[in-house]
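Take a moment with the model below. Trace the chain from one end to the other, and then read on.

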Amino acid sequence: MTDRNYENCNSQNLRIGMENRGEIAQLYPTPIYWVHMVNNFPTIQNEIAKALDNVDFKMKEAWGSTHYLSDPSFNGNFIVENGLNSLKDEIVTHLNHYCQSLSFPHHNGVIATSWASLFKQGNYGHCHHHGSTDISGVYYFRTGNSDGKIYFENPVPCMTSSFVYKSLCERQEIVPSDGLLCLFPGWLMHGISTNTKDTDRISISFNVDFLRHKNSN
Ligand SMILES: [Fe+2]
């Protein structure tokens, strides 16, 4: 095992000074996009409220007692099947902003799957990712702000073992609010902290996939 006690090794001390300061590149970032309030908020809310009237929320048995879903199979498309066109248009607008900032060229994309999630008191969302989905997102329909936050884990877990870099690894949270829309990479590990309030929290999640052209990966 390496001896990390260098207290008596003054001759080897590195001089960390201010002279001739260099540059730092933040390589390999993890872009997360969010907008605190969508356009057409009242219309989007009305559309969702009507669609929720017909939802029979159920838990996904294999996950145990986590939270309720409009479709525990994840095969359905809550946004498309219920004609939530105002929400869809808003997602497209912000996808365009997000993709521009990623320098991702314009491709045709689809909302491949979507579902509503209900978090009652004591419910939570385990840490997970959305597999090979290109971009995932969530829209907050009803939240009391402190009834469960979405959090993202550092995608470079080996950094946590580093004395120098571990302060950069802390879990990052977004406090939800009604009308907030968030987009993030489908591969990014994320979860929802426990709803400790007696208010129900409802959000709409979705996965976006872009069509592949012949010569693209
Ligand atoms: Fe998720």
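Start in strand E11, where Arg 201 is the bridge partner of Phe 119. Strands, labelled E, are DSSP runs of at least two residues, helices are H or I runs of at least four, and both are numbered from the N terminus. This is a predicted model: local features need pLDDT of at least 70, side-chain atom pairs count only at pLDDT 80 or more, and totals for chains, interfaces and linings use all residues. Residues are numbered from 1 along each chain as its sequence is written.

Stay with E11, which covers residues 201–210. Strand E4 (residues 109–119) runs antiparallel to E11, and 10 bridges join the two. Trp 115 has Ser 205 of E11 as its bridge partner. Strand E6 (residues 135–142) also runs antiparallel to E11, with seven bridges. Here Gly 137 stands opposite Phe 206 of E11. Is E11 mostly covered or mostly open? Eight of its 10 residues are buried, and E11 is mostly covered. A residue is buried if 20 or more other C-beta atoms lie within 10 Å of its own, exposed if 12 or fewer do, and partly exposed in between, with C-beta atoms placed from the backbone.

Now widen the view. E11 belongs to an open sheet of seven strands, in the order E1-E9-E6-E11-E4-E3-E2, with antiparallel pairing. Two strands pair if DSSP finds at least two bridges between them. Strands of a sheet pair through backbone hydrogen bonds. The edge strands are E1 (33–35) and E2 (58–59), and each pairs on one side only.

What packs on this sheet? Helix H3 does, touching E1, E4, E6, E9 (181–185) and E11. Touching means contact: two C-beta atoms, placed from the backbone, lie within 7 Å. The direction of H3 makes about 50 degrees with that of E9. Axes are lines fitted to C-alpha atoms, for helices over the stretch in contact, and angles run from 0 to 180 degrees between N-to-C directions.

H3 (residues 85–101) also meets helix H1 (residues 41–52). Their axes come within 8 Å and cross at roughly 130 degrees. That makes H1 oblique to H3; angles under 35 degrees count as roughly parallel, over 145 as roughly antiparallel, 65 to 115 as roughly perpendicular and the rest as oblique. Thr 43, Ile 44, Glu 47 and Ile 48 of H1 meet Ser 86, Leu 87 and Glu 90 of H3.

Next, look inside. The largest nonpolar core has 35 residues. Such a core is a set of buried Ala, Val, Leu, Ile, Met, Phe, Trp, Tyr and Cys residues joined through C-beta atoms within 7 Å. Ile 48, Ile 79, Leu 87, Leu 95, Tyr 139, Cys 182 and Ile 204 touch the most other members. H1, E3 (68–69), helix H2 (78–81), H3, E4, E6, E9 and E11 each give two or more residues to this core.

There is another sheet to find. Four strands form an open sheet in the order E5-E10-E7-E8, with antiparallel pairing. Its edge strands are E5 (125–128) and E8 (172–174), each pairing on one side only. Neighbouring strands of this sheet are turned by 20 degrees against each other on average, direction ignored. Two bridges join E5 to E10 (residues 190–192) in the antiparallel sense. His 128 stands opposite His 190 of E10.

Finally, step back to the whole chain. Three helices and 11 strands make up its secondary structure. Of its 217 residues, 28% count as buried.
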